[in-house]
Amino acid sequence: MTVRLYDGGGAELEDLELSSFELVSEESAACDGLSAVFYAEGVERIYGARTAQVYSGGEKVFFGYVDSVRAAQDENGLRVYVYARSSACLLVDSEAFPGQYSCPTSRQLWHMHAKSFGFGFALPEIASQHDYVVTKGQSCFGAINTFMQYACGRGIYADAENNLRLLDSSGAPAQPDTGRLISASAKADRSSVIGRIDYKISSGEKYLHRLASGFAEKNGVSSRKLINLSALPPWQREAEAQRRITRSLEGFFTVTAVFDGDPGVRLAQRVFLELPGLGVSGELIASSIIRKKDEDSQRTTLVLRKETDGELKNYVAEQEI
């Protein structure tokens with residue numbers, strides 16, 4: 001893989017020798033994060049680095065903006081540390097204008113919250129038959145991402161060409177070469193799972209509306225969250241409670257697999273793995289991809305999650321518990 005830096009005028013910074021890098025992509029994070037270390041001859045232009053790009057096999061897999069540059073001198077020479085976030089940071093760092101939309105579409109929300117930042121539209125054409133509220137403090141990214149999670153159960157990301165796309169797990173599963181597998185581990189973690197959400201639909205009432213996970217109950221999880229959803233339209237209240245429980249279930253069972261080189265898996269893609277020693281056999285979803293290179297090797301760590309049916313049920317309690 002190749003890492004390139006560019007100044008504010010778009011000129012590539014030369015005389016940089018890449019020592020190591022780490023590129024992290026996660027379903028739960030709006031931005032990919034790039035950490036890179038270079039050897040350099042001087043620092044005259046380094047502090048002016050504005051953008052970064054990463055290429056794998058000639059394909060651009062990352063485009064982002066440099067957040068910080070740090071230089072250090074040691075016995076090996078001048079080392080430069082660079083951290084950059086993918087272009088979605090423009091939407092994350094910008095607050096959306098709050099308001100209520102009547103029967104919005106995915107294209108309308110892109111036009112209002114992303115087009116002016118230079119992002120292209122590559123999302124599915126989704127139309128809602130309900131009102132949708134963008135709350136105060138929500139980012140431009142969150143305004144679009146939350147709507148898509150409500151409408152089709154999946155979030156969005158910005159690709160390396162600055163197009164907004166849906167995280168898609170459809171299509172044929174990847175089957176990475178287990179002959180290049182360095183290590184693997186599996187984990188069942190109940191700590192982050194939400195068993196039930198109690199919410200109110202008007203400010204004066206109690207938390208009598210409930211959304212509970214039958215899956216969590218079967219697995220001994222009794223955690224509860226209280227949420228005031230009175231400011232949201234009726235359909236958005238249950239959708240928000242469902243979104244929170246569903247996301248919490250994503251970390252219930254995960255597999256971490258480390259491969260030599262790049263196994264060719266994209267974020268949110270289905271991955272077929274046979275690891276009988278860990279009790280793993282079947283399809284999982286790539287929730288995190290960490291590409292790492294140092295002077296000796298290049299490795300890729302996949303964090304794969306099991307898709308879980310939350311067995312959700314909504315009801316109104318007779319009294320507050």
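Colleague: Which residues is Q236 in contact with, leaving aside its neighbours within four places in sequence?

Modeller: Q236 is in contact with D131, Y132, V133 and Y150 once those neighbours are left aside, where contact means heavy atoms within 4.5 Å. Please note that this is a predicted model, in which local features need pLDDT of at least 70 and side-chain atom pairs count only at pLDDT 80 or more, whereas totals for chains, interfaces and linings use all residues. Residues are numbered from 1 along each chain as its sequence is written, and side-chain values use heavy atoms, with hydrogens and water left out.

Colleague: Where does Q236 lie, and what does its side chain reach?

Modeller: Q236 lies in helix α5, residues 234–249. Helices (H or I, at least four residues) and strands (E, at least two) are DSSP runs, numbered from the N terminus. The side chain of Q236 reaches the backbone nitrogen of V133 at 3.0 Å.

Colleague: Is Q236 buried or exposed?

Modeller: Q236 is buried, because its relative accessible area is 2%. Buried means under 20% relative accessible area, exposed over 50%, and partly exposed in between, with a 1.4 Å probe and protein chains only.

Colleague: Let us turn to Q53. Where is its place, and what joins its side chain to that of Y55?

Modeller: Q53 is in strand β4, which covers residues 49–56. A polar contact of 2.6 Å joins the side chains of Q53 and Y55. A polar contact is a pair of N or O atoms within 3.5 Å; within protein, one must be able to donate a hydrogen and the other to accept it, and residues adjacent in sequence count only if both atoms are side-chain atoms.

Colleague: Why does Q53 count as buried, and which residues is it in contact with beyond four places in sequence?

Modeller: Q53 counts as buried because its relative accessibility is 12%. Beyond four places in sequence, Q53 is in contact with T2, V3, R4, Y6, K60, F62 and F63.

Colleague: A change of topic. How many disulfides does a search of the whole structure find?

Modeller: The search finds 0 disulfides, a disulfide being a pair of cysteine sulfur atoms within 2.5 Å.

Colleague: What lines the second largest pocket?

Modeller: Its lining consists of E26, E27, S28, R247, E250, G251, T254, S287, S288, V303 and R305. On a 1 Å grid over the protein atoms alone, a pocket is an open set of points where a 1.4 Å probe fits, with protein on both sides within 12 Å along at least five of seven lines; lining residues have an atom within 4 Å of a point. Strands β18 (280–293) and β19 (298–305) each supply at least two residues of this lining.

Colleague: How much space lies in that pocket?

Modeller: About 200 Å³ lies in the second largest pocket.

Colleague: Finally, how many helices and strands does the protein have, and what does its C-alpha trace span?

Modeller: The protein has 5 helices and 20 strands. Its C-alpha trace spans about 70 × 50 × 35 Å along the principal axes. Of the 321 residues, 46% count as buried.

Note on methods. Grid points are joined across faces, edges and corners, and a volume is the space filled by probe spheres set on the points.
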